[in-house]
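Colleague: I have a few minutes before my next run. Can you walk me through this one?

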Amino acid sequence: MATPGGNGNTELSSEPLRRFYLDDICALKSNRSMVGTIDRTFYDIESHGSLAEHALIIAPVPVPEDKLSHFMISGMPPKGFVFVDWNERNQGCSLVSEDDVELIGRNLDIGNLVKRDQNDTMCGTVISVSPKYTLQPITYRVVDPRSGERGPVRFSRKRSNGLDGTRSQREDTTGPALLTNIDPDDLRISPDYAVGDFILYQEKVGVIRAVSRDIVVMLSNQTVVEVYDSSLIRMPLNVNHNNIVDARTDPPVAPWEWGQYIPNNSPIPGHLVHTCPMNLVRGRWIYGQFSGNHLEGNILATPITEVHVDWICSNVFAVGQSEIGSDDGILKRSDLQHAKIYDRLKVPRTAFEENRGHARSTLVAGDYVCFRDAAGAAVKYPQFDHIPLSETFGYDTNVFSILYATFDVIVQWQDSSVSTESSTSLHRLSGFEEEIMPGKIAALKDQTQVIPNLYFDSAEALYANLPPAMDESILRLNKVGVVQAVNSRERVALVRWFKEPNVELLHGGHVLRSSSVFGELEDKSSLVSVYEITSHPGLDRNISDMVMLAPEKVHESNLSSQPTEELSAFVGPCALSYLWPLSFWRVNHILSGIRNVWTQTEWFQRYIEIDRSPMSHFFSNSGSMTASENRPPLDWVGHIVGLNHDGTITVRLGALERCRDVRVPFEGILQVLDQEMGETDDDMDSELLGELYDDIGPGLFGGMGGAMERMLVMGLDHEDIFDRLGAILDPQGEDEWSTDYDEDSGSGNSFQDDYEAENNTSERNGIEGLVPHGDFGPSHEVIADHALDPPVIPPSEAANEPPPTDTISYRKFNQVVGEPSSFAILDTQPPADHHFLKSGLGDEGHSPLLLRRLAKEYKILAGSLPSGIFARTWESNMNLLRVLIIGPEGTPYEYAPYIIDFYFDSKFPHEPPTAFFHSWTNGMGRINPNLYEDGKICLSILGTWPSENPDETWSPTNSTVLQILVSLMGLVLVKDPFYNEAGFDRLAPEGDRRVESSQYTEKTFVMTRAFIKHALEEPMGDFADILAWHYLPGPEPSKRPNLLQKAISETQRMIDHYNTRQSDQKEESDGAPASPFVARLSLGAVVMLRKHLDALENIHKQNELEHDMDVLEL
């Protein structure tokens, strides 16, 4: 076994590029009592933005005025500074220099991806944590040193400025004893119900959206009252007023209270609070009576009154459980006796796997906790003073705040080794590219078939709120397996394939077909390039995911015998976010469909016990469910704690009284609860059905194959429903629509004239924009014909084989003499593969203003297009444009063609054109952070990304289409595309994340070689002549760029560079780099480039033969 991380070392400097990450625990060096968590950093753009949610911002240490002012406006900490949220709410938040705070702990949870060094190529997954907490009690008692007796109960939080109105409190300089080295297994979250918690009630699961509580306060004179209105509670500030930078109060405090109080929107026992006299007078007095001299005190308790829940779905395997129900509900205090909060902190008494530890989740600094067994804790931790209820008026004040935590974590690395690390020695992995990790399910791309969905029709398109193109086909994964280990530096992986999988994905890969079965794994592993395999959203399962699954015992009444082939073609396990925004009963409807398919599968019958007891066992005489103690166990919801190398998933059942881990087959996950449900409208369903019935008529309504019902199940709103029905009932659409313009409105040559004339009647819309096996850690047996040892790729043998018969012939276009023009207006029809023509958007009427502006735009393109950019439009439809850009040399995009379609609608030029990028990556991901696989282009001048610089956005009077094209070539197709990701540009100057950047560049180069093959085998409409001239042999060879030959030569040279260095065993830093943009290729890249090279050589050889035949004929 290799040492952990052995394959991940790099020659780059290990000097830390950043010191703090979000949620890190830190303390102010000048006042270590101020402990907090990192809320914002310079590097994490997702944390930037408005500061409105922060009620109090202070400056406990000096900060340069210019940096503080800029931060207050932008919300982005300057480099070298962090924004800290202090644990004590009345201490607020602060912008501080990294040099002024000390890292105490790094809050890592199971499922987090980490590295040992920021420049390491290998990462790992946190599979368990072993924290030790330091706690501060909210109440304490002072021991008399002479008698040994404990005094009265005191609160830890006191006024520090002497304004509390009581002499005894001002003179109280005592404090509670801290509890150290506390085991997390002894703790639970306090209070019991919090916003965001998953809650189970009457066989339903939901998310808590709001909690209503009473507030009981012990005032400074020891009287106790339940205040009348909890919203009138204030927190006295515990800071020097001169240090206040900003205090935002909502609801606002009185002017004379500014700088003294802030609202307490999250009351916790122990908080020091203040309120107005009437709030006490009208309150419920528990002990004592009102005194106007005592308006401050500490919260003694916050008894719950009701919980507001957004219901997600039901346990569809429960006997007698109805699918119908409201999307939300209110649980009263009496209802909560039968409810259960899902507990992520529970651990089984024995770990499911020895190397997985307890796979527990973590608490963070600032959380409030209490002991699961307070009496037992008093014995285990002698410093814990268990305060009896009799001393606190029947309320339990044995609550603690977490000051900080120090803990080790157990990490499973990509090479499948497992180690224990200190949390502060690790770095969080952040980026936009997902890493392939052990336990993940992956498919071999070249053995994935796209097959038609035989049960799809136009009406069924209403079933899913998705583009129909994503629904018409099924992805059949003929080669699918479990990743065993990854050599990240060489970009290769060991995969155990399933022997005879029957795995299919629906809805563009987002849904696992419910009839899918993975089966048994092969005995040996295969070595493949990571660029050969891919995952899909429908196969995405992660450690810490909340999931639903089938209970261990299911009553036979759930068994279905109805045919499932058609049903399984539309439903299956997926992420809840993919079903957004479905209502409660609609989600149940889908889950019931999955259940009906599952119960007929072999794996279900093997794993699930069937209960054949009489139905009367489940119901009382009244027909309602029996008492809660007789109800089925809550074993149908849990969270993932392990992705196993045999393809199974370990799920922790945290809702059980004695939680346990269960291992289920991959296909046994019913739903991933990755997103909370939003508001929906069920009340409209019956009304809408009636309207449609009256408008359409019973004959047509009944003959739509159930589309209406399915449409409602998917949660479409009124407008969308009528639009989609209109598209089916009237496929030709409405009459052509156009806007009349005054043809004489513009007489000048500038865009300003046309814009000002049109702007009189139109409102301008703003724009925002092969390696030794030991490098894999534990041993794996590798199939011989997949092992590459030594790791040198031999010369291709495919070049001597006859070219494939399905290769497109360019013989006709090879006869073109002279370079095609960079811009042309064609007298033919637009090609059928133009995205906006296929979308039905290209036939909109042309207004005079639009035509005049397009004429000027096209005139600019005709005379100013830079080398490597080609554009075509059509006389019959000039509001469509197609552009071909050849990737610049010296970048990973070099020699490859990129096709972008544009559409100029009636809003142009007030708004920029709409653009679509033709991505040919086949699920491998983006070739650039700005170019999405679904065709979206993220660029400020296109209005698809906000920019603070107005010069970067579209201007109707100053911007041109040429600027868009030049921006695409010069700003998008660049040498280091990794830094194009939002917020990453600030890392480029110092070379931060060089490893991630170089790996992304390599992947881009590998993928873009396939773009050349795709373009030459499947030429896009009206660009075949341009592609033939620039890539293929033909007449006037000395004038042709011969880009195909250049691409072949450069790829071969880079492969030879790899082979030479492997033979000489040279390090990455020795000698010349492989190319201007990649210092050294990985083995995985070479494997894929060899395949691409074979294909490109075949294309070149065939076209050479055709050219030679043409010469002979002449």
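Colleague: Start with helix H17, residues 1024-1031. How many of the eight residues are buried?

Modeller: Seven of the eight are buried, so helix H17 is largely enclosed by the rest of the structure. Keep in mind that this is a predicted model.

Colleague: Which residues of H17 are buried?

Modeller: Ala1024, Ile1026, Leu1027, Ala1028, Trp1029, His1030 and Tyr1031.

Colleague: Back up a bit. How many helices and strands does the chain have?

Modeller: The chain has 19 helices and 50 strands. Of its 1114 residues, 54% are buried. The accessible surface is about 47,800 Å², and carbon and sulfur atoms account for 49% of that.

Colleague: Now helix H14. What should its 17 residues span, at 1.5 Å a residue?

Modeller: They should span 24 Å. The end C-alpha atoms of H14, which covers residues 848-864, are 24 Å apart, so the two values agree.

Colleague: And which residues of H14 are buried?

Modeller: Leu849, Leu850, Leu854 and Leu861 are among them. The list also includes Arg852, Arg853, Lys856, Glu857 and Tyr858.

Colleague: Tyr858 is an aromatic. Which cluster do ring pairs link it into?

Modeller: Ring pairs join Tyr858 with Phe823, Phe904, Phe908 and Trp954. Phe908 has another feature: its peptide bond to Pro909 is cis, with omega near 10 degrees. Pro909 sits in the loop between strand E49 (897-903) and E50.

Colleague: Where else is there a cis bond?

Modeller: One joins Ser190 and Pro191, with omega about 5 degrees. Pro191 is in the loop between strand E12 (187-189) and strand E13 (198-201). In general, most peptide bonds are trans.

Colleague: Stay on aromatics. How many aromatic pairs in the whole structure?

Modeller: A search of the whole structure finds 25. One of them is Trp603 with Phe604, edge-to-face, 5.8 Å centre to centre and 75 degrees between the planes. Trp603 is buried at 2% relative accessible area. Phe604 is buried too, at 0%.

Colleague: What about Trp920 and Phe1011, how are they arranged?

Modeller: Trp920 and Phe1011 are a tilted pair, 5.2 Å centre to centre with 50 degrees between the planes. They link distant parts of the chain, 91 residues apart. Trp920 is in the loop between strand E50 (914-917) and helix H15 (961-972), while Phe1011 is in helix H16 (residues 994-1017). Trp920 counts as buried at 10% relative accessibility, and Phe1011 does at 0%.

Colleague: Which charged end sits over the ring of Tyr932, at 4.5 Å from its centre?

Modeller: That of Arg926. The charged end of Lys936 also sits over the Tyr932 ring, 5.3 Å from its centre.

Colleague: Switching to salt bridges. How many does a search find?

Modeller: It finds 43 in the whole structure. Glu556 and Arg612 make one, at 3.0 Å, N to O. Glu556 lies in the loop between strand E40 (553-555) and helix H5 (565-568), and Arg612 in the loop between strand E41 (609-611) and strand E42 (637-643), so the pair ties together parts 56 residues apart in sequence.

Colleague: Is Arg612 buried or exposed?

Modeller: Arg612 counts as exposed, at 55% relative accessibility.

Colleague: Then Arg882. Which residue does it form a salt bridge with?

Modeller: Asp833, with the closest N and O atoms 2.9 Å apart. Asp833 is in the loop between strand E46 (823-826) and helix H13 (835-838) and Arg882 is in strand E48 (residues 877-886), so this pair ties together parts 49 residues apart in sequence. Arg882 is buried at 0% relative accessible area, whereas Asp833 is partly exposed at 24%.

Colleague: Which residues are linked in a network of salt bridges?

Modeller: Arg141, Arg150, Asp385 and Glu391.

Colleague: Last one, the surface. Which residues make the nonpolar patch of about 260 Å²?

Modeller: Met278, Val281 and Phe290. Phe290 is in the loop between strand E21 (284-287) and strand E22 (296-301). Phe290 counts as partly exposed, at 33% relative accessibility.

Conventions. Residues are numbered from 1 along each chain as its sequence is written. This is a predicted model: local features need pLDDT of at least 70, side-chain atom pairs count only at pLDDT 80 or more; totals for chains, interfaces and linings use all residues. Side-chain values use heavy atoms; hydrogens and water are left out. Helices (H or I, at least four residues) and strands (E, at least two) are DSSP runs, numbered from the N terminus. The expected span of a helix is 1.5 Å times one less than its number of residues. Buried means under 20% relative accessible area, exposed over 50%, partly exposed in between (1.4 Å probe, protein chains only). Rings of Phe, Tyr and Trp (its six-membered ring) pair if their centres lie within 6.5 Å; planes under 30 degrees apart count as stacked, over 60 as edge-to-face and the rest as tilted. A charge sits over a ring if NZ of Lys or CZ of Arg is within 6 Å of the ring centre and within 35 degrees of the ring normal. Patches are made of residues with over 30% relative accessible area and no salt bridge: like charges are joined within 9 Å, nonpolar side chains (Val, Leu, Ile, Met, Phe, Trp, Tyr) within 5 Å. Accessible areas come from the Shrake-Rupley method with a 1.4 Å probe; for residues, only the protein chains shown count as cover. A salt bridge is a side-chain nitrogen of Lys or Arg within 4 Å of a carboxyl oxygen of Asp or Glu.
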